[in-house]
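Hi,

Here is the structure I promised to pass on.

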Amino acid sequence: MPTVLVVEDERDIREVLRRYLERAGFSVLTTGSGAEALTLFASADLVLLDLGLPDIEGTDLLREIKALGSLPVIVLTARSSTEERIRGLELGADDYVTKPFSPHEVVLRVQAVLNRHGGSAAESEIATYGGGRLRIDDNSHRAWLDDAELDLTPTEWGLLSAIAAAAGRVYSRYELVNRVRGYEYEGYERTIDSHIKNLRRKLGAEGSQVIETVLGVGYRLGLSRDEEQR
Ligand code: CA
C-alpha cells in the first residue's frame, strides 16, 4: 500500500484529501508544517505539496525533496498563480493541481504519477484464500466469497483485511482495534465482537469457519492463503 504525504496548512483540505486517498487504498500521512514535512519524506512514496505554506517557502521544500532523490511530488497551487505552477514544474514537480480542486481528480493524478514511477497503486493487489474461495483486494477495498462480492462497511472490511493479513495468526481484539481504527481505544474492544458478528453474517453459513474465534485470545482466519500467482 503506497504512502502519500499531504503537506498542506489548510486543515479542511488536508482532511478531505486524507479521506479520499484512504478510500482509494493509500496509506496517508499529513502535516501542515514544512518543517515537519522534512522529517516525513523518508516514509512517503509520493508527496502532495501545497506551495503556500506558512513556515517554509513551498518551492524551497520542493527543491529539497528533489535533491534527496526520485520521490514524486504533485504540487497544489492557487488557480491564479501561473507563475508558481511553472516554477514548480521547473523545479521538478511531477504534476500539479490547481485549487479549488476535485479530490477525486487528485486521487487519479496520484495514481497516474505513481504508475509512471513504477508504483503499484492502480494494479490490483488481490490476495486469495482457501483455493480462491475468499478474495480480498487491498487497493479497492473489496472482498468476495465464492465469487459473490461482500457488501461490507469500512470497519468490517478493515477487520477482514487485518485478520487476513497473516492467515492463521491469531489477532487479539486490542490489536484489531488498533489496526482498524489506527489508535488505541479500550472501550472499542467490545464493539469489535459485534462487528465480527456482522461480518460473519455477511460471510454466510460458514462465517464462523472463515473467521474463527480463539477463546480467550481473539480471532483468526480459518482459510489458508493461496500461493501467489505470477
Ligand atoms: Ca496554503
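**The calcium site**

Along the sequence, the residues that donate to the calcium ion follow the spacing D-x40-D-x1-G. Donors here are N, O and S atoms within 2.8 Å of the metal (3.2 Å for Na, K and Ca), and water is not among the atoms, so sites may look incomplete. The protein donors are Asp9 (OD), Asp50 (OD) and Gly52 (O), at 2.3 to 2.4 Å from the ion. Asp50 is buried, with 4% relative accessibility, while Gly52 is partly exposed at 40%. (Buried means under 20% relative accessible area, exposed over 50%, partly exposed in between, with a 1.4 Å probe and protein chains only.)

A word on where this comes from: it's a predicted model, in which local features need pLDDT of at least 70 and side-chain atom pairs count only at pLDDT 80 or more, while totals for chains, interfaces and linings use all residues. Residues are numbered from 1 along each chain as its sequence is written, and side-chain values use heavy atoms, with hydrogens and water left out.

**Salt bridges**

There are 16 salt bridges in the structure, each one a side-chain nitrogen of Lys or Arg within 4 Å of a carboxyl oxygen of Asp or Glu. Asp50 turns up again here, in a salt-bridge network with Glu8, Glu10 and Lys99.

Arg135 and Asp147 also pair up, at 3.2 Å from N to O. This pair ties together distant parts of the chain, 12 residues apart: Arg135 sits in strand β7 and Asp147 in the loop between β8 and β9. Arg135 is partly exposed at 23%, whereas Asp147 is exposed at 63%.

Then there's Arg220 with Glu212, at 2.8 Å from N to O. Arg220 is partly exposed at 30%, and so is Glu212 at 25%.

**The sheet**

β6, β7, β8 and β9 make an open, antiparallel sheet in that order. (Strands are DSSP runs of E, at least two residues, and helices are runs of H or I, at least four, numbered from the N terminus; two strands pair if DSSP finds at least two bridges between them.) Because β6 (126–129) and β9 (148–149) are the edge strands with a single partner each, one side of each has no neighbour in the sheet. β8 (residues 142–145) is joined to β9 by two bridges, and Leu145 has Ala148 in β9 as its bridge partner.

Cheers
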